[in-house]
Amino acid sequence: MSSESTNKLQNNFLREIIAGHVKAGTYGGRVATRFPPEPNGYPHLGHACTICLNFGLAEDFGGACNLRYDDTNPETESLEFVAAMEDAVRWLGYEPANIYFASDYFEQFYEWAVELVKKGLAYVDSQSSEEIRANRGTVTEPGVNSPYRSRPVEESLRLLDEMRRGEHPDGSHVLRAKIDMADDNMLLRDPLMYRIRRDAHHYRRGDEWNIYPLYDWAHGQGDAVENITHSVCTLEFDVHRPLYNWFLDAIGIDEPRNHQYEFARFNLDYTVMSKRKLLRLVEEGHVRGWDDPRMPTIAGQRRRGVRPEAIRSFFDRIGITRVDSSTGMAEYEHSIRDDLNHVAPRVMAVTRPLKLVIENLPEDETTWIDAHYWPHDITPPEGAPTSRRVPLTRELWIERDDFAENPPKGWKRLSPGEKVRLRHGPIVKFSSVERDEAGEAQAVHVEANPDESPGKVKGVIHWVSAEHALPAQFRLYNRLFTDPHPDEQEDFLTVLNPDSLVETEGFVEPSVAEDPSNDRYQFERLGYFWQDPVDSKPDSLVFNRIVALRGKDDHVLTAKGGYTQPVSRKGSITIEPPKEPRDPAARLSDTQRTHFDGLVGRGVGKEEAAVLSADDALRALFEFVLGGYDSPRDIATLLVHDVRRALGGHSATSSMATGNSLAEVLRMVGDGTLTRTGAGEVVRTLVEKGGDAASIVEARGLAAVRDDAALAPFVDAVITENPEEAERFRDGEERLMGFFMGQVMRRAGKGADAKAVQKLLRERLGQ
RNA sequence: UGCCCGGUCGUCUAAUGGCAGGACAGCGGCCUUUGGAGCCGUCGGUGGAGGUUCGAAUCCUCCCCGGGCAACCA
């Protein structure tokens with residue numbers, strides 16, 4: 001991957017991990033991902049996110065991405081959803097390298113299960129599901145072993161075989177992995193591998209199987225069968241990762257093998273994404289079906305008129321992290337507009353008609369105007385027509401919202417006494433208004449080209465000829481919920497938006513009758529629209545509003561358009577009072593506190609003393625190093641901050657070699673051979689690779705350099721090359737010291753003495 | 001409550017011990033025969049307290065907040 005193409009993409013942690021593997025040759029440069037939906041519901045934008053991620057990752061690294069149905073639960077899955085998933089992938093513009101089904105691996109899984117039983121790593125448990133649950137323990141208490149846990153291997157084997165043959169009723173037995181009923185991770189408390197479902201009919205395997213694998217006993221194994229390298233799933237599976245690896249170990253899959261990585265699932269403000277909630281919306285008739293354009297389903301967004309390009313660029317734009325988050329609707333709408341802006345010709349339509357009569361135009365005359373499709377700042381797509389003919393007649397329809405009898409301040413449209421431009425047509429000046437009994441405007445009369453030199457007008461309004469216009473229905477979609485986070489409600493249906501669909505009857509200019517019915521347009525000043533692919537017919541047009549134009553003023557919404565500035569969910573109102581300085585030893589036991597007091601008494605810093613007091617291994621090492629270097633404070637600092645970091649969570653061991661080396665490191669810092677930063681580097685190498693301090697310093701060139709003559713060339717070069725920063729620094733921008741230090745240190749190496757460099761920098765920068 | 005994961009502008013996201021940057025939204029201006037688009041400007045952030053370091057969003061400690069885990073679902 002070139003650095004240029006890297007820069008174009010929003011970088012993310014998964015790309016970095018994979019790039020690292022590619023660079024290191026971990027999988028011989030191979031990258032294999034998979035999109036593993038369970039075919040038990042219609043795909044939605046969350047699936048789209050996962051599709052873009054997995055297929056995108058494969059694409060970025062020249063790898064392959066499979067579509068694999070995770071169809072291990074015969075009770076919920078169906079062929080209908082299989083088709084929908086595949087369709088979604090293709091619509092988004094991806095082609096699966098292979099299409100696989102976990103249910104095709106059932107034989108292999110079973111063979112592996114038998115192997116595990118034979119190895120003593122799995123057993124048939126004959127407790128009831130209630131007993132199993134009760135014996136699993138709780139998050140704070142360990143579970144207890146099943147009475148069947150030590151059942152003879154032969155017996156488990158026989159029972160498993162009988163379970164498979166359908167000789168036992170549902171719930172009578174399960175196969176469990178034998179791990180540890182006391183593990184802090186509940187998933188490792190002898191997880192279930194198979195359950196009996198004798199009467200269930202699998203949509204692909206029929207009645208062939210009477211037992212079905214559970215997720216954990218299927219997913220990683222499926223990945224292994226397919227030689228997946230990077231198995232990406234959502235955050236809630238993070239806690240499953242140890243089990244994922246345990247099963248691979250148990251069946252003997254060696255490195256380099258598939259590994260699981262988790263990312264935060266996609267959430268969108270003002271909508272819901274869970275299968276259950278979407279189902280309720282459909283079943284209770286709050287929407288008109290799975291493909292209702294208000295639904296966050298792929299089918300819904302597709303029917304609404306959103307293009308796959310918009311969805312892909314959207315997911316590119318928002319990125320991938322491990323942080324729970326919810327993306328603003330404005331971001332999604334921006335991606336849709338940004339996509340459509342360059343491909344949608346501008347035409348005119350009136351969604352809430354008001355009659356406009358141009359008094360000085362003859363009744364039976366039609367003027368055909370050649371009107372451009374594209375604004376000056378848009379380059380039309382290759383081969384797209386640049387204009388169409390629009391009829392201008394005495395009677396027109398204009399948008400009701402474009403006329404105001406009592407206009408607010410800053411009004412740019414039509415109002416009594418004012419002039420306005422008809423888009424592509426003449427300037428008209430208000431002359432009178434007809435009203436009905438209720439006082440509602442029925443028609444506005446105007447005069448065209450009222451002055452000889454009309455000059456500029458403030459506003460432009462859109463219109464269609466009353467004689468030529470085609471009647472059409474407009475479906476104006478708004479957010480489905482009034483609250484940005486419906487999931488946080490007790491009942492999400494209480495925040496349904498009553499105005500999520502506003503249907504109006506109006507007119508569209510006649511030219512659209514000649515276009516393909518799936519063209520997307522911008523109806524000027526309104527938004528992007530296309531014909532509803534289901535309900536629109538040549539003689540009864542129905543237009544979906546894909547997305548409204550961005551702006552302060554949504555002409556048509558009954559509910560006020562736009563999205564209110566969300567209030568922070570994090571913002572805590574309570575300001576915590578300033579606390580007393582924390583006592584680092586507060587949580588120490590009595591014995592630990594004795595250690596703590598002793599350490600502090602010897603000059604060790606309190607934070608360091610607290611860590612040392614609670615870590616017996618590290619404290620032993622401390623005492624050991626003390627034998628070779630007599631400064632408790634420095635030893636403690638090195639141990640707590642450098643050694644422990646290098647250890648990366650592993651426990652310290654106080655071997656003779658380590659202790660002596662650490663003492664040596666400290667002596668070198670003491671006599672000036674090493675800088676403090678250099679010491680950290682040496683410690684890291686020491687812990688990772690072993691060796692002795694002196695030869696590491698030698699080999700890595702870490703010996704301290706604080707000689708002006710040696711450092712000056714680096715300092716001068718950096719100053720010369722960054723005159724602008726130097727200027728700013730001289731002007732008092734003190735924070736740039738960090739910048740200069742970084743530049744110099746990078747060139748001078750880890751051995752350079754930071755204090756000496758800084759002193760030199762200040763001199764040379766004339767401060 | 002035990003374990004695990006996480007916390008950077010209003011929102012999404014960069015910065016991998018060295019100038020806290022971008023995008024969306026907002027606001028102001030320019031431009032415009034769309035109150036669109038575009039361009040320019042502007043507002044705005046490292047949850048808190050200590051510690052290590054020449055230097056901390058980043059490393060250490062504690063606290064606070066959010067999420068996940070006790071289905072024979074995935």
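Two strands pair if DSSP finds at least two bridges between them, and strands (E, at least two residues) and helices (H or I, at least four) are DSSP runs numbered from the N terminus. This is a predicted model in which local features need pLDDT of at least 70 and side-chain atom pairs count only at pLDDT 80 or more, while totals for chains, interfaces and linings use all residues. Residues are numbered from 1 along each chain as its sequence is written, chains are lettered from A and ligands numbered from 1 in the order written, and side-chain values use heavy atoms, leaving out hydrogens and water.

**Exercise 1.** Find the strands that pair with S15 (residues 395–399).

*Solution.* Start with strand S12 (residues 353–358), which runs antiparallel to S15 and is joined to S15 by five bridges. Here Val 357 stands opposite Glu 395. Next, take strand S20 (residues 463–465), which pairs with S15 in the antiparallel sense over three bridges. Trp 397 stands opposite Val 464 in S20. Finally, check the covering: four of the five residues of S15 are buried (under 20% relative accessible area, with exposed over 50% and partly exposed in between; 1.4 Å probe, protein chains only).

**Exercise 2.** Work out how the buried residues of helix H22 (residues 723–730) are arranged.

*Solution.* First, pick out Glu 725, Ala 726 and Phe 729 as buried. Then look down the axis of H22: the buried residues fall within an arc of 105°, so they line one face of the helix (the arc is that of the directions from the helix axis to the C-beta atoms). Now turn to the face away from this buried side, which carries the exposed residues Pro 723 and Glu 724. Just after H22, Gly 732 takes a positive phi of about 110°.
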